[in-house]
Amino acid sequence: MGVKGKKAMVKRLKKGSSQLSAEKSGKNESADFLPLEGGPGRKLPKSEIQESSATVLYIGRIPHGFYENEMEAFFRQFGTIKRLRIARNKKTGKSKHFGFMEFESPEVAKIVAECMHNYLMFEHMLQVHLIPPERVHPKLWKGANRRKEPLDWVQMERKQHNKERTLEEHKKLVEGILKRDKRRRKKIEAAGIDYECPEIVGGDQPAAKKIRFEEE
């Protein structure tokens, strides 16, 4: 047998051994892929699927009027809510249109994030995202159980209008009224409107009375 015959025999033996190994591996389990360099099929390593433990949701683009009581009543259909907080302005108490919600079950929180993301509500597309536990701030739930009542602006304006003013404050108030009346008269004259504006009577009388009282 010559050199060429020996080389051909070695190739056939290698080919047969590779086919046998492939058949043996195929009997146990099917291969995921075949390597480019040839040889038996290989199985990919199994990766463990990590279950999410996030229970806190970020909810953005909250529409006007959809506040704590309304949100709790709406999202209660998915599962038990542990805590709920809407970010509000510290001075006015108005909603900042985003908030946070915590469910008891991570599975429920995941379902809510999938179902309610980009959900159209009162012409607003809700933005709902899961927050990983390591990214939940310790002070996130500060003031979560408190319901801030809206401010009574009518009562505040009434109190501001009826408060007792000093002499300097009263003078400043009268000067502002007279300046605005003067600008109003100039605009009417510039427009060519024949209108006789009523005079402001008694503007300086309270101030004059106070001055005379202090002199006495």
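Let me start inside the fold. R88 is buried, and so is E68. This is a predicted model, and in it the two side chains form a salt bridge, 3.0 Å from N to O. R88 sits in strand β2, residues 81–88, and E68 in helix α2, so the bridge ties together parts that are 20 residues apart in sequence.

Why pair them at all? Side chains of opposite charge can pair when their charged atoms come close.

Now the other bridges. The count comes to 6 salt bridges. Take K82 and E102, at 3.8 Å, N to O. Here K82 is in strand β2 and E102 in strand β3, residues 95–103, so this pair too links distant parts of the chain, 20 residues apart. K82 is partly exposed, at 48% relative accessible area. E102 is at 8%, which means it counts as buried.

Next, R185 and E199. Their side chains meet in a salt bridge of 3.8 Å, N to O. R185 lies in helix α5 and E199 in the loop between α5 and α6, so the bridge ties together parts 14 residues apart in sequence. R185 is partly exposed, with 21% relative accessible area. E199 is exposed, at 61%. This pair belongs to a network of salt bridges that links D181, R184, R185 and E199.

I200 lies in it, between α5 (167–190) and α6 (205–215). At 38% relative accessibility, I200 counts as partly exposed. Together with L173, I177 and L178, I200 makes a nonpolar surface patch of about 300 Å².

How far can we trust the model? The mean pLDDT of the chain is 80, and 74% of its residues reach 70 or more. Confidence is highest in strand β1, residues 56–60, at 97, and lowest in α6, at a mean of 43. Over residues 205–216 the pLDDT is below 50, and beyond near neighbours in sequence that stretch has 6 contacts in the model.

The overall layout, quickly. The chain has 6 helices and 6 strands. In sequence order the pattern is α-β-α-β-β-α-β-β-β-α-α-α. Of the 216 residues, 22% are buried. Among contacts between residues at least 6 apart in sequence, 58% join residues at least 24 apart. The accessible surface comes to about 17800 Å², and 53% of it belongs to carbon and sulfur atoms.

Two backbone points. Most residues other than glycine have a negative phi. R61 has a positive value, near 60°. R61 is found in the loop between β1 and α2 (68–75), and is partly exposed at 42% relative accessible area. E123 also has a positive phi, about 65°, although it is not a glycine. E123 sits in the loop between β4 (120–121) and β5 (124–125). With 75% relative accessible area, E123 is exposed.

One more loop residue, Y119. Y119 lies between α3 (106–116) and β4. At 35% relative accessibility, Y119 counts as partly exposed. What is Y119 in contact with, leaving aside neighbours within four places in sequence? F74, H124, M125 and L126.

Last, the cysteines. The structure holds 0 disulfides. C115 is partly exposed, at 45% relative accessibility. C197 is buried, at 12%.

How values were computed
Residues are numbered from 1 along each chain as its sequence is written. Side-chain values use heavy atoms; hydrogens and water are left out. Patches are made of residues with over 30% relative accessible area and no salt bridge: like charges are joined within 9 Å, nonpolar side chains (Val, Leu, Ile, Met, Phe, Trp, Tyr) within 5 Å. Accessible areas come from the Shrake-Rupley method with a 1.4 Å probe; for residues, only the protein chains shown count as cover. A salt bridge is a side-chain nitrogen of Lys or Arg within 4 Å of a carboxyl oxygen of Asp or Glu. Helices (H or I, at least four residues) and strands (E, at least two) are DSSP runs, numbered from the N terminus. Buried means under 20% relative accessible area, exposed over 50%, partly exposed in between (1.4 Å probe, protein chains only). pLDDT is the predictor's confidence in each residue, from 0 to 100. Contact means heavy atoms within 4.5 Å. A disulfide is a pair of cysteine sulfur atoms within 2.5 Å.
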